[in-house]
Amino acid sequence: MSSTVPRFARIAALCTCVVAVPACDVLTRVLPSAGPTRNQLFAGSVQREGDAFVVEVNQRVTAATSLVPALGFPPGLLNAGVSNTDVINPGDALTLTVYENVTDGLLAGEGANAAQLTTLQVDAAGFIFIPYAGRIRAAGNTPEQLRDLITRNLDEQTPDPQVIVAREPGNGSTVVISGDIAATGIYPIERPTRTLSGMLAAAGGSSVNPDITRVTVVRGAHTGTVWYQDIFRDPGIDIALRADDRILVEEDSRQFTALGATGAQTVVPFDNPVISAIDAIASVGGLNPRQADPTGVFVLRNEPEELAELVLGRDDLTGTQRMIYVLDLTAPTGMFDARDFVIRDGDTVYVTSAPITQFNTAISALTGTLSSVNGVSDALE
């Protein structure tokens, strides 16, 4: 015998059970979510007894947050003058050619009037030894000055000697280059490589994208880092090199995370020395046109105490502060603020879903529920 309860009534009864659930429960318990809503983020602010400061981005905020330490060399590296690469140093190797004005010379041997003394190593004290000329101080002299010294010392032993001095830089005149460079190694400081740009060129240049390559120079207690491209653009930071300098070339390791209603949710490496919020959004495909809320673009960051106080206009904070910067792209100056707001290493760029998206999701969920109810009703018949 068929049921006396109309099919429509059974469906209505089940629907009543579904729609009786409060709307908030439907959104928070039933519907999937890509992350917190705009209102939920504001609700978690310190102003509402949360643990993060929520700050609307404006010109003052962009100016304050752009005050980050710039790359550069300290005075100890910048103020060093270009060294004279002709000066002989301990560790250099010398080759001497001595011409004597006799057939059988002291150094040339029988039947010859010239002798070559090769790979004479300048010792740690700066001296070399030459037969019949004795122990001569080479370090601190140019090859021309050393030639005069040797000539004077040999002049008493052989008539009118002529001396030629060739210098090969040794370990006492070299720098070490490592990292993302075409040819890592130990390089001598010579006339073409007396400055940082010349040395980098001699090593083949950066092996990664030069736009995001950093160069660090370590000299004793002095250390500095600059952008690779700036060395060739700004003569002021193309510093003179010194023996034992260490040069590290490495690709920029900074990155930010993009989440929410964007074209992609991923960790994004920096592709420029400076990236704005607009650049960050564009690098992941922009806002999702069917989901994103352009009034709810958030940048989450741990801000140092000094910067947090500057942004908030306070002087009573202690330690690193959690900050949530809010960008409203629909505001009259919203796009300009996003263009001027600088993204930093470790930032999270999060775009919330538009309210209409959440409403459509709720309707879709309810529509799907009604379809399920219809299936249940069919099964009961």
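User: Which residue lies over the face of F127?
Analyst: This is a predicted model, in which local features need pLDDT of at least 70, side-chain atom pairs count only at pLDDT 80 or more, and totals for chains, interfaces and linings use all residues. Residues are numbered from 1 along each chain as its sequence is written, and side-chain values use heavy atoms, with hydrogens and water left out. A charge sits over a ring if NZ of Lys or CZ of Arg is within 6 Å of the ring centre and within 35 degrees of the ring normal. At 4.2 Å from the ring centre of F127, the residue is R135.

User: How many aromatic pairs does the structure hold?
Analyst: Rings of Phe, Tyr and Trp (its six-membered ring) pair if their centres lie within 6.5 Å; planes under 30 degrees apart count as stacked, over 60 as edge-to-face and the rest as tilted. One of the pairs is F42 with F298, whose ring centres are 6.2 Å apart. The number of aromatic pairs is four.

User: Why is the pair of F42 and F298 edge-to-face?
Analyst: F42 lies in helix α3 and F298 in strand β15, so the pair ties together parts that are 256 residues apart in sequence; helices (H or I, at least four residues) and strands (E, at least two) are DSSP runs, numbered from the N terminus. Both F42 and F298 are buried, that is, under 20% relative accessible area, with exposed over 50% and partly exposed in between (1.4 Å probe, protein chains only). The pair is edge-to-face because the ring planes stand at 70 degrees.

User: Is F232 buried or partly exposed?
Analyst: The rings of F232 and Y228 have centres 5.2 Å apart and planes at 50 degrees, so this pair is tilted. The two residues are four apart in helix α8, separated by about one helical turn. Y228 is buried, with a relative accessible area of 8%. For F232 the relative accessible area is 43%, which makes this residue partly exposed.

User: Which strands stand at the edges of the sheet?
Analyst: Six strands form an open sheet of mixed pairing, in the order β1-β16-β15-β18-β12-β13; two strands pair if DSSP finds at least two bridges between them. Four bridges join β1 to β16, and these run parallel. β12 and β13 pair in the antiparallel sense over four bridges. Each edge strand has a single partner strand, so one side is left without a neighbour in the sheet; the edge strands are β1 and β13.

User: What is the bridge partner of F256 in β13?
Analyst: A hairpin joins β12 to β13 through five residues. In β13, the partner of F256 is V268.
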